[in-house]
Amino acid sequence: MKRHIYFLLSISLLFILCSKSKNSSGLYVVLQNGRYGYINKTGKYVINPQYNSAEPFSEGLARVTDIDYNDIYINEKGEIVIKPNLTLGESFSEGLAAAKIDDKWGYINKKGEYVIEPQFDNAKPFTEGIAFVRKGDKRGYVDKDGRTVFDPMIDWYSFISEGLIQVKIYGKCGYIDKNGKTVINAQFDRAEPFFEGLAAISIDKKWGFIDKKGKMVINPQFDYAGYFSEDLASVEISGKWGYINKKGKLVISPQFDEALAFSEGLAAVCVNDKWGYINKRGENVINLQFDKAFDFREGLAEVKDNNKRGYIDKTGSYIWVPTN
């Protein structure tokens, strides 16, 4: 169970980090009879199911895999903007997308042109002007001019968030800025990205929160901690999850087996393998009934039932009944 919630929190966190620059499209990925397409907020098809796979729209474009298993990019009308000319592509972020050809990653613009030539063994989306890359055993960042910085003293890098990057040096975690300057010395056992001015850190297997100066704002006391979103953060105490405010006060008592971050005023929570949604008072707004539930985005949330994907509104009503 612990691994599962940690994974969900990591995925949710990663989605937020990579979504900071993305534009809203009002389109949602659906699966019908083994093919992917897109619907609008009312559940009507905008792009009919026709793809082997599909990603959410980002900055006006979406990466899809056609019936011949080619990665292409389409616009919100379903028109092909970037034709098959790469092995694998990722979503656009800050005007560029990581793209792979001949086992090497580079970055393309919205015309499909390589602006940073394929040379990396791994490449992540741009966030705050830089992107994480790996070249052999070296890890670092590349800016939009293709300039790279590597530091052999640093064992591990993460995404940049609110101007700071978690790093691991000789087994301890700290934070640097995008120029590689140490801002908070490596002193924590684990560290997460900053959100709303605070970051979750771990010392001696207990989690608390620091500010951007490295000052301990909420002392380590939790078995695990999520990230702050809409002024609340999920925390684990003795195997149950609840929520604290930025003063470290419990505002929703630990009672859930799993609990995700708040989004648009609601948070997905799980009890006895069933998911539903609560408000910031801890009240059940949408009853526990789903096999899995995700964050609300522009008024809709993806849910899963019997391995089928659907979408609900904030009343819990289906806009798109789960299908596969």
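User: Which residue in strand 35 is the bridge partner of tyrosine 311?
Analyst: Tryptophan 320. Before we go on: this is a predicted model, where local features need pLDDT of at least 70, side-chain atom pairs count only at pLDDT 80 or more, and totals for chains, interfaces and linings use all residues. Residues are numbered from 1 along each chain as its sequence is written, and side-chain values use heavy atoms, with hydrogens and water left out.

User: What counts as a strand here?
Analyst: A DSSP run of E, at least two residues, numbered from the N terminus.

User: How many bridges join strand 34 to strand 35?
Analyst: Three, and the two strands run antiparallel. Strand 34 covers residues 308–312. Two strands pair if DSSP finds at least two bridges between them.

User: What sheet are they in, and in what order do its strands come?
Analyst: An open sheet of four strands, ordered 32-33-34-35, with antiparallel pairing. Strand 32 (292–297) and strand 35 (318–323) are the edges, each pairing on one side only.

User: New topic. Which residues have the most contacts inside the largest nonpolar core?
Analyst: Phe209, Phe228, Tyr243, Ile244, Phe256, Phe262 and Ile278, in a core of 22 residues. Such a core is a set of buried Ala, Val, Leu, Ile, Met, Phe, Trp, Tyr and Cys residues joined through side-chain atoms within 4.5 Å. Buried means under 20% relative accessible area, exposed over 50%, partly exposed in between (1.4 Å probe, protein chains only).

User: Which strand gives the most to this core?
Analyst: Strand 26, residues 240–244, with three residues.

User: What does phenylalanine 256 touch?
Analyst: Leaving aside neighbours within four places in sequence, its contacts (heavy atoms within 4.5 Å) include Trp241, Tyr243, Val271 and Ile278.

User: Is tyrosine 170 buried or exposed?
Analyst: Exposed, with a relative accessible area of 63%.

User: And what is phi for aspartate 231?
Analyst: Near 75 degrees, also positive. Aspartate 231 sits in the loop between strand 24 (224–225) and strand 25 (233–237). Aspartate 231 is partly exposed, at 47% relative accessible area.
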